[in-house]
Amino acid sequence: MTFRRKATWLSLTLALLLIVLSACGKGGNIAGTSGNESAKETADTEKTTLTLLIDNQTAIDGIQAVADEIKRELNIETKIELRPGGTEGDNVVKTRLATSDMADLMFYNSGSLFKALNPQEYFVDLTNEPFMDNVLDSFKDTVSVDGKVYGIPGGSTVGGAWLYNKKIYSELGLSVPKTWDELLANNDKIKEAGYTPVIGSFSDSWTSQLVVLADYYNVHSLAPNFAEDYTYNKAKYATTPEALRSFEKLQSLRDKKHFNDDATATKLEDALAMLAEGKAAHYPILTLVLTNINANYPEMMDDIGAFAQPSDAADVNGLTIWMPGGIYANKEGSNIDAAKKWLEFFVSPEGVKAYLTAMKPEGPMPIKGVELPDDTYAAVKEMLPYFESGNTAPALEFYSPIKGPSLEQITVEVATGISSAAEGAAKYDSDVEKQALQLGLEGW
Amino acid sequence: MKSTKSLYSYGFLLPAGIIFFIFFLLPTMVSFFFSMTRWTLTDWEFIGLDNFIMFFKESSLNIGFRNTFIYAVMTSGTKVVLGLLLAVLLTSSIRSKDFLRSVVFFPTLISTIAVGITFSYLMHPSRGLINTALAALGIQGPNWLGDPALAIYSVGLVDIWKGVGFATVIYIAGMMSIPADYYEAVDIDGGNAFRKFWHITLPLIRPAMNSVIILSFIGGLRTFDLVWTMTKGGPGFSSDLIASIIYKQYQGGFYGLSTAGNVILFVIVAVLAFPLYRFLTKREVDL
């Protein structure tokens, strides 16, 4: 063997080792030195410092305002640590919990994602804290495991709604649709008038899930046992007509070419611009984007309304809602008493006031006795009747711990015609199997 | 006497051996173990080969295998040919050779993520620079990354642009090491430039070419970063590679399953790369 051959061997071996290394090294190193620093500061002064871990996708103006108020009132400083959002952030959270490196307070989803963290092992049980009386039971359910409550709401409820441009609606003399067929008829007229009927922003693929997810109120009304049967492998999306309908609705938008032509290259921000500037009429999305629209187009907020995703019958008409993320106290935190005081202040009337002054809500707060201010977004005001008449249902992820990780790719496939509704539903059924097995659920 | 001597020399190998064991061998063995468990980072349950069965049942896996293969063959093939042509150009007696060599090599130095983000803006169907330029020429440009049939090839083009400089540099090094005598011999025999290339350059840069083929082929098989930044495997699953499927499983929190995927990828790369290597080196000519 010549020297050159040896050299080639060496570089090949290196390349192979790199494969192994790159496969192992995706976790990343997340700064975890704050614990030492805060301990030092506590020793120096009387002031207490708590760390709060939050994702970088959530608008934190409201939380920051409450934290400032807490510093003034209770002399507890809050140090905010940012982490990525989405599934990448889930891994940061899981790793930090597993290595006892969690911040004192943690902002994280409620519902299935939270329950999958094994909360009883890591978080302070808040069930018997008097301040928990301020929190609505519908929220408590989403942060409870085995009857014990672990979190407070970290914001307002959010609707999975169809945002619509009211100017286009009044220009074309349209009214808010009560059935899916009415919606499609509206879309046809909007398309004739030269506007984009429905915005697809599939470059940010998570947004493609909304037509399926926001249909859950309708699924729940027509097939009340679906969530439970689905959790224990007794019902499937593909074989339950009411649930399959959610995928069919998405396909019908594609069949009638109601999405924008460049939907696969459109991002969330592009979509919000199209809606606010009146180039497109509808955007099925979570109402938390109202904050983003307000940041760029504050003067357009009165032109944007919201309605629930219609069912096939006018008498079934309600809104699918998402509970806000919760704030949880770490069991191994540096100062649990201070953390409890922090949480107590957050759900107190003063805390809510500070929150609402800094940030307009994207839906009602799941805290008792909170009146929304007069300058609440028009779209949120349009959502209130659903809440007042009790026509709301939490999304499926709050009823069932299983949500398949590939739903967003599957809904892009259905929305772009790569697969049909039936194929998409069947793919999703096999996708959730991984989650169910990982959680060790019965029946799988 | 002989045995003491060899023991003594093994002592020198020990530090490197320990490092190799702890940082390379052990993690590999551990990953083989965890690929057979259902693993939540804090807890694991032994489930035998279920993860491998589950991995092969993944609906997007066919797309992943096909794309990985297309991507590896397309990018390495183009780099081998284009890199050779560029190297011939850049070793000829043209002006500002050094400057041009740096220009070809520059893309290799830029972070893949930066390249990916930049190109995903350049390739936007209506606002991107590429299609705006095509529109000025009266051509309706395609939806580069949004068309399911096209996305993987668009990413491949960017990969070629970024990686061809590296191939060129290896070729240039190979060509520079060919003694001038051989070319003189062709001159004396009355051969032209093409004969020089065909009978001297091409056989003698075989080792360089083999390195380019193997490195870019393995690179193509395990590509992840560029595809992930530009399309995240989308639209839908249409530009998924084996590596991006594995990453999505890891993101979903299925640690055992994604480890099994990595074991499979390891085996695939090994099964494809080692015979390729043997085949190529058998035909190498020594100077």
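1. Let's start with one residue in chain B. At 17% relative accessibility, R38(B) counts as buried (buried means under 20% relative accessible area, exposed over 50%, partly exposed in between, with a 1.4 Å probe and protein chains only). R38(B) sits in strand β1 (residues 37-39) of chain B; helices (H or I, at least four residues) and strands (E, at least two) are DSSP runs, numbered from the N terminus. Setting aside neighbours within four places in sequence, R38(B) touches L437(A), Q438(A), D43(B), W44(B), E45(B) and I47(B), where contact means heavy atoms within 4.5 Å.

2. A word on the ground rules. This is a predicted model, in which local features need pLDDT of at least 70 and side-chain atom pairs count only at pLDDT 80 or more, while totals for chains, interfaces and linings use all residues. Residues are numbered from 1 along each chain as its sequence is written, chains are lettered from A and ligands numbered from 1 in the order in which they are written, and side-chain values use heavy atoms, with hydrogens and water left out.

3. Now for chain A as a whole. Chain A has 21 helices and 13 strands, and 55% of its 444 residues count as buried. Among the chain A contacts with a separation of 6 or more, 78% come from residues 24 or more positions apart.

4. The sheet in chain A is worth a look. Five strands make an open sheet, ordered β2-β1-β3-β12-β6 (chain A), with mixed pairing; two strands pair if DSSP finds at least two bridges between them. The edges belong to β2 (76-83) and β6 (151-153) of chain A, each with a single partner strand, so one side of each has no neighbour in the sheet. From one strand to the next the twist averages 25° (axes are lines fitted to C-alpha atoms, for helices over the stretch in contact, and angles run from 0 to 180 degrees between N-to-C directions).

5. How are the strands of a sheet held together in general? They pair through backbone hydrogen bonds, either parallel or antiparallel. Here, β1(A) and β2(A) pair in the parallel sense over eight bridges, with L52(A) standing opposite I80(A) in β2(A). Strand β3 (residues 105-108) and strand β12 (residues 326-329) of chain A take the antiparallel sense, over four bridges, and M106(A) has Y328(A) as its bridge partner in β12(A).

6. Eight of its eight residues are buried, so β1(A) is largely enclosed by the rest of the structure. T48(A), L50(A), L52(A) and I54(A) are buried on one side, and T49(A), T51(A), L53(A) and D55(A) are buried on the other. Helix α3 (residues 61-74) of chain A lies across β1 (48-55), β2 and β3 of chain A, and runs at about 155° to β2(A).

7. Helix α13 (residues 241-255) of chain A isn't straight: it bends by about 25° at F247(A), the bend being the angle between axes fitted to the seven residues ending there and the seven starting there. F247(A) is also buried, as are A243(A), L244(A), S246(A), K249(A), L250(A), S252(A) and L253(A) in α13(A). After α13(A) comes K257(A), with a positive phi near 55°.

8. On to the charged pairs. Over all chains there are 20 salt bridges, a salt bridge being a side-chain nitrogen of Lys or Arg within 4 Å of a carboxyl oxygen of Asp or Glu. One of them joins E413(A) and K427(A), at 2.6 Å from N to O. That pair links helix α20 (residues 407-416), which holds E413(A), to helix α21 (residues 421-439), which holds K427(A), 14 residues apart. E413(A) is buried at 1% relative accessible area, whereas K427(A) is partly exposed at 22%. Elsewhere in chain A, E81(A), R96(A) and D101(A) are linked in a network of salt bridges.

9. Chain B has a charged pair too. D159(B) and K79(B) form a salt bridge, their closest N and O atoms 2.9 Å apart. D159(B) lies in helix α7 (residues 151-176) and K79(B) in helix α3 (residues 61-91) of chain B, so the pair ties together parts 80 residues apart in sequence. D159(B) is buried at 12% relative accessibility, and K79(B) is buried at 10%.

10. Finally, an annotation. UniProt, in an unreviewed entry, places the feature "domain: ABC transmembrane type-1" at residues 65-276 of chain B; UniProt positions are given in the numbering used here, feature names are shortened, and annotations may be inferred rather than shown by experiment. In the model, that span is 76% helix and 0% strand, and its end C-alpha atoms lie 18 Å apart.
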